[in-house]
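Please consult the sequence and coordinates alongside the text.

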Amino acid sequence: VTGEVLNRSTRRIHLAQIIVTLYNREGKPINAGFTYTDPYTIDVGTRGSFDCVFNYFPQIKNYAIQVEWD
């Protein structure tokens, strides 16, 4: 799962953690993983990219992405 995080806050974001949860057809979680943005520090108005890699992903129906930072 790849993507970008846009910093819309009024301060720098440092060590933004991206949590990705994979769901099956019944809506049950089947796997989860996390990664951090590149770069680790995202200035106001700029973006950081991420790539969360999974080795086990049987019959994925949907996924959710959550972003957390200090």
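The sections below treat the salt bridges and then the nonpolar core of this predicted model.

## Salt bridges

Side chains of opposite charge can pair when their charged atoms come close. Across the whole structure, a search identifies two salt bridges.

One of them joins the side chains of E4 and R47, with an N to O distance of 3.7 Å. This pair connects distant parts of the chain: E4 belongs to strand β1 (residues 2-6) and R47 to strand β6 (residues 47-51), 43 residues apart. E4 is classed as exposed, at 52% relative accessibility, while R47 has a relative accessible area of 49% and is partly exposed.

## The loop-to-loop pair

R12 and D43 also form a salt bridge, and their closest N and O atoms are 2.6 Å apart. R12 is located in the loop between β1 and β2 (13-14), and D43 in the loop between β5 (41-42) and β6, so this pair ties together parts that are 31 residues apart in sequence. R12 is exposed, its relative accessible area being 56%. D43 counts as partly exposed, at 34% relative accessibility.

## Nonpolar core

The largest nonpolar core consists of ten residues: V5, I13, A16, I18, V20, L22, I42, F50, C52 and F54. Strand β3 (residues 17-23) supplies the largest share of this core, three residues.

I42 is a member of this core. Leaving aside residues up to four places away in sequence, I42 touches V5, N7, R12, I13, T37, R47 and G48. Among these contacts, R12 takes part in the salt bridge with D43, and R47 in the salt bridge with E4.

Key. Residues numbered from 1 in each chain as written. Predicted model: local features only at pLDDT ≥ 70, side-chain atom pairs only at ≥ 80, totals over all residues. Heavy atoms only, no water. Salt bridge = Lys/Arg side-chain N within 4 Å of Asp/Glu carboxyl O. Helix = DSSP H or I, 4+ residues; strand = E, 2+ residues; numbered from the N terminus. Buried < 20%, exposed > 50% of the residue type's maximum accessible area, 1.4 Å probe, protein only. Core = buried A, V, L, I, M, F, W, Y, C linked by side-chain atoms within 4.5 Å. Contact = heavy atoms within 4.5 Å.
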